[in-house]
Amino acid sequence: SIVRGGLAFIDGQLRVGDVLLEVNGERLAGRSATSVMIADPHASYTLLVVRVKSAEVEAPLLAFGEQEGWLQSVRARDGVALALERSKKCWVVLQGAVLTLYEGGPRKGGKDPRSYNLKGGQCKTPVMQLRGAGLKQPPVIDAFLKSRTCPFTLTWPDKEVEHDLVFGASTSGDRSGWVKSINDSLKRLNAGAPTSGWLVKCPGRSKGPKWTKWRRRWFVLTPPTDGASPVFRYYESPSAVPSHPLGTVVLNRSAQLSAAPRGGRAHAFSITSQGVRETKPITTILAATSVEDLARWMRTLHEAIAASGGMIGRSATLQAIAARQKVPSALVHLDQLKMMDKSNLMQQKPKKLRDVLEHMHVDFSDVPLPKASKYTTIEDATLEYKTELVRRIVSARAVAGISQTFTIHADRSNK
């Protein structure tokens, strides 16, 4: 296939989407043109090529961008095309962070183009095999495969766009070019994209009076770009962004980040920094709503402060956040408890370990209860007992992990 940007593409005589039928009068019949040329070398070659006529006639009318070309397109959800939706031939243009679809080409009197902002998107090619076995594909992917096109998907996991886009390229090389171009745009977009979300803020940007309440604020962290310092502002709500900030947390060389429970908030962290006009450092105390949210904020703040030359407290390291995430309270569901590593499982009481094994339907009736003897203390017996229970949890989890992998793919295929 002709790859966009390759030598044949740059030469201009061949185009992406061209189909080679013969080399010097010899039918390819499924073989690559390269293999035929290597087997019978010549100074020059005559190629028989099939080209879509419409692409040649309509080219002067088409819009162009960083990447453009004809693709089959269909809107879908959960692997199934939307109601009354059929695959359509579209002229697709990628320009910056915007993907525009012209149904039938951008000709006069045609349908209005549909534009999609790539922010929050993910572009992937379908997984066709797992451990050498072919995987059943969702209906919308299967339809493209049956029509002998090369499918790829563009999805928005956080539902910035309510539906998915499924495309079909004429060749695998064309598909690879599109996936690479879209993912490159997503990387550029995410590199300068602000991190935003709700955090609870302690009033006063210090310890604050005891009788005051923590207040929910919308925070926006803009990472450093082109030598500029990061900006960390907070607002009353998302609708107030960007014109009405309530305040700014300074992130410069003086900034210090640490994470530790404060004021009864388990997922709290603090930023201590001093601005140019401030006479002494000010501490801003914030709290996230969950361990996952805390880890996300700590990661992005860590990168922003490090880029400014600031300091990261030991308790603020991602390892500490991960450790807190791995050691939940006694109310954690058994499904989460069974995924702990060995060291954390060994910290659990024997009864909790037995509950996990029962939940996993693993027999442990042959494991004798710990008892003190002439040669063994109760502590050593308990340690041996727990070690055996943990070994069975880890072994059962390894087996379950294989079956879960197949189950997940089977569910996707059924959709």
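Predicted model: local features only at pLDDT ≥ 70, side-chain atom pairs only at ≥ 80, totals over all residues.

Reply: S4 spans residues 67-77 and pairs with strand S6, residues 88-95, in the antiparallel sense. This pairing extends over 7 bridges. One of the residue pairs involved is that of Gln67 with Leu94, the latter lying in S6.

S4 also pairs with strand S13, which comprises residues 164-169. Here too the sense is antiparallel, and 5 bridges are found. Within this pairing, Arg75 is placed opposite Leu165 of S13.

A further partner is strand S5, made up of residues 80-81. S5 runs antiparallel to S4 and is joined to S4 by 2 bridges. Arg77 has Val80 of S5 as its bridge partner. Together S4 and S5 form a hairpin, with 2 residues between the strands. In the turn of this hairpin, Asp78 has a positive phi of about 55°.

When the side chains of S4 are inspected, a general rule may be kept in mind. In a regular strand, side chains alternate between the two faces of the sheet.

In summary, the antiparallel partners of S4 include S6, with 7 bridges, S13, with 5 bridges, and S5, with 2 bridges.

How values were computed. Residues numbered from 1 in each chain as written. Heavy atoms only, no water. Pairing = 2+ DSSP bridges. Helix = DSSP H or I, 4+ residues; strand = E, 2+ residues; numbered from the N terminus.
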